[in-house]
Structure formats: structure tokens, C-alpha cells
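Please look over the sequence and the model shown here.

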Amino acid sequence: MAWLEMSRTPDGRPQDWRVGDCFWSPRKNSAGRPWAFWETMQKVRAGDVVFHLCGESNRAAFTGCSIAASDCILLDEGPAGPSELYRVELTNYQSFPSPLLLKDVFTVNDNGLRAYFESNRNKSADKERLFYVIQAGRVQCLNGAYLSFISDELLALLFGVDARVTPTSSSAVAARVTAGVVLSEVARRVGQQGFARNVKANFGNSCCFPGCAVSDHRFLVGAHIAKWADNPELRGETSNGLCLCLVHDKAFELGAFTLDKQARVVLGKGSFGSPWLTPQLEAAAGKPILAGSIGLSLEALAHHWRAHGFALDATVAL
Ligand SMILES: [Zn+2]
């Protein structure tokens, strides 16, 4: 899932509450009532992509994106003292090469955004709470739309370019150029997120290491067998992934173990000298991991063997 956070005055935030650290909202307004764009906070899950729209009026711009590091948590204390808040931790903040002005995004993608707004308005159910409205004949930001859901289609509209529109100003041209950079970054982030989701589902959302019982999604990752950066062809493939808990993910990443062609655990030569981890790994040696519906890529496994010095034979078919 992808979300958009609007922060009008990002510079005034205290340490640990800055853009990219977290985002938060009150749970109730001063009259004790909930507000739809605050309630949305509760739907954010760890691993979701969050875009940041910062600044006011003509200076409002998309400045970067982050990954949610936690589900929404409830707090009783905020940066200004006791207060009932929603908060989501963020990680991997990446600023865009240059801020993408909202007014340029609105100009360049005007037709598409209008059509999206209309089709959403005409839905009989599951209407999205959009961060923009058509007001006085213009596409405008909706005041108070603090956090809103961004569908894949809306993402493409915002950061893609409507080929039917010819830019009429230099800033609109700049927006087109930046949009290309942003879009590739977005595609990478969303692709990673989709990969992790598919991999976890392939193993029934449990750590696949023999005998490991971790199934709480906050402690699970969709790990790459062949590294993301090293192997472009395999990067999005579910067969290049293992659902592992944080400990077994790290052990696999460090080469403490690998898997043979029958997906059985093979231990690495290095010892971690850990009285806690070593016996656990040794007990699993030779045992198969939990089988996923989609089998593992032999090519990806061979990549892991080479990277960590395992002398395993990849020549015989699985
Ligand atoms: Zn595990």
C-alpha cells in the first residue's frame, strides 16, 4: 500500500518527529471527535510506502518517500506533552533529487486527475478519500487531508506524465524531468514491497527455517536469495525469496547457512560463537525448510552459494 502524508510546516518539527522519522496525528479533535484523515493512520502497516508532501500553497512539493517501519501505534504523549496520538515509525527516507512542486504535478496531470476524481465520486461503494478536490473548476489540495491512500492508478497519475498535455512553463518541463526520476524510484519501492508480500504469502506468512515458529508479520521479512542489486533478472521473482524471521534472515544474509537443491539447510564454515544461535542452526542442518507453493530458483541459490563460498553442485536439475 502507498500513502501520502501532507505536512504544511515540516521545518518546525522536533527531533525524532521530523519528516522521515515518523508521522503522527491526534486521535480526536478539540471537540473530542475523530477525523477521517487521522483515522486512516490505523490502516498503515509496516512495509508500506509513504510519500511526503511538504509546505504550503504554491510552495507545496513532494519531497521524498519513506517506508513504514511499524504499524500504527497509540501514544499518550506527543512532542508537546501528554496527548492521545497515532504514530507510525518510518525508515529508509529518501529525498527526491529535486522537490516536485504540487502545482506542476496538478498542471501536467490535470486531465487524468479530473477523470480519476470523477470516477471515484461516482463509485457506489469503496470510495477513496482523496487528498485533492475539484473546486472552482481547478484541481486543488483538500485542506485537512492529512493522510490519504494512494492507489497504484493514482500513483501513476501523480508521478507519471500525461502525454496529451504539452507543458506550458519551464517549471512544468522541470516537473516532467523530475517525474521520470521519481517514477523509477517509486516503481522500485513498490516493486520491493510487492516482492516481500508475495514471498511471505508463498510460505504462509511464517518463517520457513526448520522448526522456527515465528509468524508475527512484524518479525518477518521477504528475503532475497540472490541479492537485489546483483541480479536484475531475478529481483522481482517470488522464486528468489524466502520468508524468514529477523534472526534467520540475518543468518542467511551472513552466509551462516544456505540451502541445497532440495532446500535443505547447509551450514556455513564460519562460527558465530553464539551459544544461543549455533546449536539452533546445527539442529536444523540437513533438514528441509518449510515448502512454499512456488519452488526456489536454482539460479538464485547458486548465486548465494557463490557469494558465501559454499561448494555445492548446481549442475543437476532439481
Ligand atoms: Zn526464523
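What follows starts with the chain as a whole.

This is a predicted model, in which local features need pLDDT of at least 70 and side-chain atom pairs count only at pLDDT 80 or more, while totals for chains, interfaces and linings use all residues. Residues are numbered from 1 along each chain as its sequence is written.

The chain has 8 helices and 13 strands (DSSP runs of H or I, at least four residues, and of E, at least two, numbered from the N terminus). Of its 318 residues, 31% are buried (20 or more other C-beta atoms within 10 Å of the residue's own, with C-beta atoms placed from the backbone).

Strand 10 (residues 220-224) runs antiparallel to strand 11, joined to it by 5 bridges; pairing requires at least two DSSP bridges. In this pair, Ala223 stands opposite Leu242.

Turn next to the helices. Helix 3 (residues 110-121) packs with helix 4 (residues 152-159) at an angle of about 155 degrees, their axes 9 Å apart (axes are lines fitted to C-alpha atoms over the stretch in contact, and angles run from 0 to 180 degrees between N-to-C directions). Because of that angle, helix 3 is roughly antiparallel to helix 4 (the term applies to angles over 145 degrees). Gly112, Leu113 and Tyr116 in helix 3 meet Glu153, Leu154 and Leu157 in helix 4, where contact means C-beta atoms within 7 Å.

Note on methods
Angles under 35 degrees count as roughly parallel, over 145 as roughly antiparallel, 65 to 115 as roughly perpendicular and the rest as oblique. Two residues are in contact if their C-beta atoms, placed from the backbone, lie within 7 Å. A residue is buried if 20 or more other C-beta atoms lie within 10 Å of its own, exposed if 12 or fewer, and partly exposed in between; C-beta atoms are placed from the backbone.
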